[in-house]
Amino acid sequence: MFIVSIFLYLVQMANEKIIIIGSGFSSLSASCYLAKAGFDVSIFEKNSLVGGRARQLKKEGFTFDMGPSWYWMPDIFNKFFANFDRKPSDFYRLDKLNPAYKIFFADDVITIGDTLDKICLEFDRIEKGSAKFLRKFIADAQENYSIAIDKVVLKPGLSPLELVTTDTILKVDQFFKTISSVVRKKFTNPKLISTLEFPVLFLGAKPNNTPSFYSFMNYADFGLGTWHPEGGMYEIVKAMTTLAKELGVNIITERPVDKIVVLNHKVNGVQSKGVLYKCDYVVSGADYHHSETLLEQQYRQYSETYWAKKTFAPSSLLFYVGFKKKLKNVEHHNLFFDTDFKNHAEEIYDNPKWPSDPLFYANFPSITDHTMAPEKCEAGFFLVPIAAGLKDNEQLRKQYFDLIMERFQQRTNQQVINDIMFCESFCISDFIDEYNSYKGNAYGMANTLSQTAFLRPKLQSKKVKNLYFTGQLTVPGPGVPPALISGKLVSDLLLKNKKA
Ligand SMILES: Cc1cc2nc3c(=O)[nH]c(=O)nc-3n(C[C@H](O)[C@H](O)[C@H](O)COP(=O)(O)OP(=O)(O)OC[C@H]3O[C@@H](n4cnc5c(N)ncnc54)[C@H](O)[C@@H]3O)c2cc1C
């Protein structure tokens, strides 16, 4: 009898159609969980390539990840695939990078190795005695990581009570102190301070606006390490696409959703290029603000004023560069922190404008992975964080490219300008055109204290039955691992509501 009921339940679910808008990591993740639960799932993606902000650019034998390049928190990827009795190695090969990355300062270079012992030696070289504090700081960060991953981020953000656990009560002070103040208490050297403040930049906010509980990102960095999937980050998209298709998901590209159709306060379907596609549920993994504009005004939950008041993560000016020679003195990941961190952060968050003297990031995956560039060539990805909402144009892009190339040559002590085969750029207007991103943000909405957990835009619409949202503007927040988790959270919530 029990088996028959399960069978009937699954048959009933199989008749229920879900359309997922977008094919970013959160959408792909949600599609796998929902297809496994027995729904008939289709993904509608506006672009010709799946993957959202993590798309891939291939040109003249070079391969570029267009968005994410840091593979952090490997445990989250393992858990995702384990939910489907698979593991990452069924799909791609993963290598731990050593060194993990290099940071260029005006007068020195810090190399972050692949173990805490190596990193401690480097800290002691810069500031005698700092390794002792670092070990203690990372031990606390590890505790926070366990609490965050096991007890906090897996909550759907429905109520503040979700955050109340014995562990979080014991750490409550860490939600009211900032990561900046805690780091500055123990470390005095500005280079070590910048090194320890860097990981929380992934959360999209300034370190002096990020709760110190988020030091778990430091454990992700120094404790769990930096990894690289052979072939680049797009291998994860390919893996999830393969898995989704195996589970029966129908992935349709070049199908932009123009409207979410609602009848009697309930989802009726979506409209694309004038055609109505009926369904029982819609899950939107497109940027939350854009998803709501697909609804008639009366069905939107958040006003333009609401969005305008939120702290958005930065946008980025990106360059994908093919070099016709191998580069020297750089690693796979390189941070150029040779200008004033505070000043650049102010020009992103407090007084948004094109940065006067920006920090930047450069990634050369072909240093460790020969599949990313032709022989004796280097694939280069350069990222300058900028405020969301700025106006960009070709002239500004060129001006900043020249500026960072000049600094890059100086800091790495080599000439590269004459060895550039091509340079493609991507900036705010492209984020808007290609992803319908609010103000051209790159990483969604920042994880500040007032924009954490239950304070973020909700997974479920309060105004339209059977309409759900996932992705980096809702819980848990920006980044690839959070996007995988967001897909699980929205699926769990949808299933729970269905059973209720
Ligand atoms: C430059 C850059 C660097 C980054 N670096 C890292 C990193 O190193 N490590 C890390 O972990 N994270 C990084 N991130 C963040 C990470 O990439 C994102 O958090 C994550 O990919 C977001 O996934 P998502 O599913 O929320 O949204 P998206 O990837 O934006 O997916 C949304 C999808 O919806 C589609 N869409 C929009 N509107 C419609 C419509 N009307 N109809 C149909 N489809 C639509 C879009 O085309 C897109 O495919 C980076 C991001 C960027 C941009």
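**View 1. Strands β15 and β16 run antiparallel and are joined by four bridges.** β16 covers residues 360–363, and F360 in β16 stands opposite F336. Strands here are DSSP runs of E with at least two residues, helices are runs of H or I with at least four, and both are numbered from the N terminus. Two strands count as a pair if DSSP finds at least two bridges between them. Before going on, a word on the source: this is a predicted model, where local features need pLDDT of at least 70, side-chain atom pairs count only at pLDDT 80 or more, and totals for chains, interfaces and linings use all residues. Residues are numbered from 1 along each chain as its sequence is written.

**View 2. Strand β15 (residues 333–336) has buried residues pointing both ways.** H333 and L335 point one way, while N334 and F336 point the other way. "Buried" takes 20 or more other C-beta atoms within 10 Å of the residue's own; 12 or fewer makes a residue exposed, anything in between is partly exposed, and the C-beta atoms are placed from the backbone. β15 also runs parallel to β6, with three bridges joining them. Look for F104 here: its bridge partner in β15 is F336.

**View 3. β6 (residues 101–104) pairs with β7 in the antiparallel sense.** Four bridges make up this pairing. Y101 has I112 of β7 standing opposite.

**View 4. The ligand is surrounded by 37 residues.** G22, G24, G52, P68 and G471 are the closest. A residue is near a molecule or strand if its C-beta atom, placed from the backbone, lies within 6 Å of it. The elements giving two or more residues to this shell are α2 (25–36), β14 (315–323) and α16 (480–499), and α2 gives the most, with three residues. By class, the shell has 17 nonpolar, 17 polar and three charged residues. Ala, Val, Leu, Ile, Met, Phe, Trp, Tyr, Cys and Pro are taken as nonpolar, Asp, Glu, Lys and Arg as charged, and the others, Gly among them, as polar.

**View 5. The ligand lies between domain 1 and domain 3, because both give residues to the shell around it.** Domain 1 is 2–51 + 234–309 + 445–499, domain 2 is 119–219, and domain 3 is 315–386 + 393–426. These bounds come from an automatic or database domain assignment. The centres of domain 2 and domain 3, taken over C-alpha atoms, are 28 Å apart.

**View 6. V270 sits in strand β11 (residues 266–272).** V270 has 25 C-beta neighbours inside 10 Å, so it counts as buried. I19 is 251 residues away along the chain, yet the C-alpha atoms of V270 and I19 are separated by 7.9 Å. Over the chain's 500 residues, 48% count as buried.
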